[in-house]
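Subject: Handing over a structure

Dear colleague,

I am passing this structure on to you, together with an account of what was found in it. Please look through the sequence and the model first, and then read the notes below.

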Amino acid sequence: MNDQENDQENDQEPVTPRIADPARLPFAYADALNAGDPEAVLALFHQDATMRTFSGEVLTDRESLRTETVHSIAARAHLTNKPRSTLIGGDTALSIVDWDLEATLPDGTRISPTGTTTAVARRSADGSWRFAVLRCHPNELPG
């Protein structure tokens, strides 16, 4: 890699996983996914997190979350979230967001599902918030 390429990479703003406000967590997820940064996406989840994808698959381990994230990035996924509400009780928060997703299936078909995500977040020992449960519910399944 030459110095010019290295400088261009260093100019990119890193996506930070340290989220101080749980209402920001779904937007940090979209930012990391849209930036194509699987490590930043995974950093937003507790080690024991569970995610239900918009296709209905339930992911309960770190490797499944990583695989799903890598596939979404490979599909050139672009996620947009719109806030609905966040409710905080102690070290637990419930957030609801509406979303729009643009992605390309392996056969080249472009899909544009929309839906609502309900997310439960827990405050970590360092004070940051991470997903414990993420449930993506599509308005209707693509295809």
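**A buried tryptophan and its surroundings**

Tryptophan 99 is buried, with a relative accessible area of 5%, where buried means under 20% relative accessible area, exposed over 50%, and partly exposed in between, with a 1.4 Å probe and protein chains only. The accessible areas come from the Shrake-Rupley method with a 1.4 Å probe, and for residues only the protein chains shown count as cover. Please bear in mind that this is a predicted model, in which local features need pLDDT of at least 70 and side-chain atom pairs count only at pLDDT 80 or more, while totals for chains, interfaces and linings use all residues. Residues are numbered from 1 along each chain as its sequence is written, and side-chain values use heavy atoms, with hydrogens and water left out.

Tryptophan 99 is found in strand E4; helices (H or I, at least four residues) and strands (E, at least two) are DSSP runs, numbered from the N terminus. Although tryptophan 99 and proline 26 are 73 residues apart in sequence, they are 9.8 Å apart in space, C-alpha to C-alpha.

Proline 26 is one of the buried residues of helix H2, among which are also Leu25, Phe27, Tyr29 and Leu33. Eight of the ten residues of H2, which covers residues 25-34, are buried, so this helix is largely enclosed by the rest of the structure. Just after H2, glycine 36 takes a positive phi of about 75°.

**The protein as a whole**

The secondary structure comes to four helices and seven strands, and, read along the sequence, these follow the pattern α-α-α-β-β-α-β-β-β-β-β. Buried residues make up 36% of the 143 residues in the protein. The protein exposes about 8200 Å², of which carbon and sulfur atoms supply 50%. If contact is taken to mean heavy atoms within 4.5 Å, residues 24 or more positions apart account for 50% of the contacts with a separation of 6 or more.

**The strands that pair with E4**

Two strands are said to pair if DSSP finds at least two bridges between them. E4 pairs with E3 in the antiparallel sense over eleven bridges, and in this pairing histidine 78 stands opposite glutamate 102 in E4. The hairpin of E3 and E4 has two residues between the strands, and glycine 90 in that hairpin takes a positive phi near 65°.

E4 also pairs in the antiparallel sense with strand E6 (residues 114-123), over nine bridges, with valine 97 opposite threonine 117 in E6. With strand E5 (residues 110-111), E4 pairs in the antiparallel sense over two bridges, and arginine 110 in E5 is the bridge partner of threonine 104. The hairpin of E4 and E5 has five residues between the strands, and there glycine 108 takes a positive phi near 95°.

**Pocket and cavity**

On a 1 Å grid over the protein atoms alone, a cavity is a set of points where a 1.4 Å probe fits but cannot get out, whereas a pocket is an open set with protein on both sides within 12 Å along at least five of seven lines; lining residues have an atom within 4 Å of a point. Grid points are joined across faces, edges and corners, and a volume is the space filled by probe spheres set on the points.

The largest pocket has a volume of about 590 Å³ and is lined by 32 residues, of which Phe54, Glu68, Ser72, Ala77 and Leu101 lie nearest its centre. The elements that give two or more residues to this lining are H2, helix H4 (62-74), strand E3 (78-89), strand E4 (92-104) and strand E7 (129-138), and H4 gives the most, with seven residues.

By the rule above there is one cavity of 30 Å³ or more. H2, E3 and E4 each supply at least two residues of the lining of the largest cavity, and E3 gives the most, with four residues. Among the lining residues are Pro26 and Phe27, together with Val97.

**One residue to look at separately**

Most residues other than glycine have a negative phi. Arginine 76, in the loop between H4 and E3, has a positive phi of about 55° although it is not a glycine. Arginine 76 is exposed, with a relative accessible area of 57%.

With best wishes
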